[in-house]
Amino acid sequence: MKENKTKFAADTSSRSAKDWIKALLILLLGLTIAHFGVTLFLLSELGTDTFTVFIQGLSRVFGLTVGTVHVIVLCILMVVMLLTTKGYVKPGTVVCAFCGGPIIDLFTWMLGDYINGNSGMAVRILSMMAGCVILALGMSLVINSNAGTGPNDLVAIILSDKIEKIQFRWVRVGCDLFFVVFGFILGGTVGAGTICAVFLTGPLVQFWLPLTKKLTAAAGC
């Protein structure tokens, strides 16, 4: 049986202020869960996430800090998407762009003494794998909030809507692979965890999407 293609563009122009508050609260919940997963992934020290490899490469080319390049690239992506697409960049996109870092810092402060490069390999591998699963769960909540998602995640979402015959999971794998390969060529760091993230994130997000859709629908989003 042919699998239905998930479409992500949504018209939210008729949303009331109350509906937007609910949607943004769900987005913040998803963002917190997602970045808890990112923190577990990073603390394992088995490789950075795919987009960070890309940012690392650019930072080395231009001689800027990773944080500075991250903000610049996200702002450029938002502007390009605002000018070339409709129904994707929303208030939550800005929230995702600027709140992710502080959330990661908070979880790192809470967990850094327990999970790090000196932990046993079993703990590090478990942390990395759990991080991928939790990240995907959080991302699916953010997507289904229809309040916007991070500019870097929007790349795969927009391409998935434009490419009719390819499921989101494979579009996401392709985008992650591009970020990793291009970032590595520019000097970014790739580890075993990075490769796992390339091939797990897209399929895991698509696995969670129908389940979190029921939750967000029940909440009125």
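A residue counts as buried when its relative accessible area is under 20%, as exposed when it is over 50%, and as partly exposed in between. Keep that in mind while you look around this predicted model. The protein has eight helices and zero strands, and buried residues make up 48% of its 221 residues.

**Overall shape**
- For 221 residues, a compact globule would have a radius of gyration near 17 Å, and the protein agrees with its 17 Å.
- The C-alpha trace spans about 50 × 40 × 35 Å along its principal axes.
- If you take the contacts with a separation of 6 or more, 80% of them join residues 24 or more positions apart.
- Carbon and sulfur atoms hold 71% of the accessible surface, which comes to about 11200 Å².

**Transmembrane regions**
- An unreviewed UniProt entry lists "transmembrane region" at residues 20-42, 62-83, 95-115, 121-143 and 177-200.
- Residues 95-115 are 81% helix and 0% strand, with end C-alpha atoms 28 Å apart.
- Residues 177-200 are 79% helix and 0% strand, and here the end C-alpha atoms lie 11 Å apart.

**Aromatic rings**
- There are nine aromatic pairs in the structure.
- In the pair F36 and F107, the ring centres are 5.1 Å apart and the planes sit at 55°, so the pair is tilted.
- F36 belongs to helix α1 (residues 17-43) and F107 to helix α4 (residues 91-111), so this pair ties together parts that are 71 residues apart in sequence.
- F36 has a relative accessible area of 26%, so it is partly exposed, while F107 is buried at 13%.
- Elsewhere, one aromatic cluster is formed by F51, F54, F178, F179 and F182.

How values were computed: Residues are numbered from 1 along each chain as its sequence is written. This is a predicted model: local features need pLDDT of at least 70, side-chain atom pairs count only at pLDDT 80 or more; totals for chains, interfaces and linings use all residues. Side-chain values use heavy atoms; hydrogens and water are left out. UniProt positions are given in the numbering used here, feature names are shortened, and annotations may be inferred rather than shown by experiment. Helices (H or I, at least four residues) and strands (E, at least two) are DSSP runs, numbered from the N terminus. Rings of Phe, Tyr and Trp (its six-membered ring) pair if their centres lie within 6.5 Å; planes under 30 degrees apart count as stacked, over 60 as edge-to-face and the rest as tilted. Buried means under 20% relative accessible area, exposed over 50%, partly exposed in between (1.4 Å probe, protein chains only). The radius of gyration is taken over C-alpha atoms; the globule rule is 2.2 Å times the number of residues to the power 0.38. Contact means heavy atoms within 4.5 Å. Accessible areas come from the Shrake-Rupley method with a 1.4 Å probe; for residues, only the protein chains shown count as cover.
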